[in-house]
Amino acid sequence: MIRAMSERCLFCDIVAGEVPATVIRNSEHVLSFLDINPQAPTHVLVVPKAHHVDVGSLAADNPELLGEVVREAARVADNAGLADRGWRLVFNVGPDAGQTVLHIHGHILGGRGLAWPPG
Ligand code: AMP
Ligand code: ZN
């Protein structure tokens, strides 16, 4: 089921402070917090505070906000010391990609060699 923009979800609850998370950065419109099940030494989720389902719908509805999500991801990676060695930003979309939370989130991954293509 596609959620409407106004619906709440787990990441809306984290943004609202109603579910605990380890916050890494908090800008006006974007929150970055540690993934609860890290897949790399650095694994941070970067989310717009407003509920949008996935990267495609955010790009269509508010491309400026998507730009801020990506800028915040780069700041998180820089602050984690990843600027020189590199890092990955992943947006899973839909079931084949394994998107489990229907609130757009970028996975910032780094701190180890990241094989390509991913499994
Ligand atoms: P995806 O599979 O792309 O939808 O990613 C969802 C991510 O959210 C997974 O990597 C989970 O480990 C992560 N996650 C689920 N619940 C929480 C939570 N309460 N706090 C932080 N990360 C979470
Ligand atoms: Zn949400």
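Helix α1 contributes the most to the shell around ligand 1, with 3 residues. The model is a predicted one. Helix α1 spans 10-15 and strand β2 spans 30-34, and each supplies at least two residues of that shell. In total, 16 residues surround ligand 1. The closest are Asp35, Asn92, Gly98, Thr100 and His107. By residue class, the shell divides into 8 nonpolar, 7 polar and 1 charged. Ligand 1 takes up the space of the second largest pocket.

Polar contacts to ligand 1 come from both backbone and side-chain atoms. Gly98, one of the closest residues, places a polar backbone atom 2.7 Å from an oxygen atom of ligand 1. Val101 also takes part through its backbone: an N or O atom lies 3.2 Å from a ligand oxygen. His105 uses its side chain instead, with a polar atom 2.8 Å from an oxygen atom of ligand 1. Each of these distances falls within the 3.5 Å cut-off for a polar contact. Taken alone, ligand 1 exposes 500 Å². The protein buries 83% of that area.

Aromatic pairing was examined next. The count comes to 1 aromatic pair. The partners are Phe11 and Phe33, whose ring centres lie 5.4 Å apart. Their planes stand at 75 degrees, so the pair is edge-to-face. The assignment follows because planes over 60 degrees apart count as edge-to-face. Phe11 belongs to helix α1 and Phe33 to strand β2. The two residues are 22 apart in the chain, and the pair links distant parts of it.

The peptide bond from Trp116 to Pro117 is cis. Its omega is near 0 degrees. Pro117 is placed in the segment after β5, a strand that covers 106-110.

Terms used. Residues numbered from 1 in each chain as written. Chains lettered and ligands numbered in written order. Predicted model: local features only at pLDDT ≥ 70, side-chain atom pairs only at ≥ 80, totals over all residues. Heavy atoms only, no water. Near = heavy atom within 4 Å. Polar contact = N/O pair within 3.5 Å; in protein donor to acceptor, adjacent residues only side chain to side chain. Areas by Shrake-Rupley, 256 points an atom, 1.4 Å probe, with all protein chains shown as cover. 1 Å grid on protein atoms, 1.4 Å probe; cavity = no way out; pocket = protein on both sides within 12 Å on 5 of 7 lines; lining within 4 Å. Sits in = over half its atoms within 2 Å of the grid points. Helix = DSSP H or I, 4+ residues; strand = E, 2+ residues; numbered from the N terminus. Nonpolar A, V, L, I, M, F, W, Y, C, P; charged D, E, K, R; others polar. Phe/Tyr/Trp six-rings, centres within 6.5 Å; stacked < 30°, edge-to-face > 60°.
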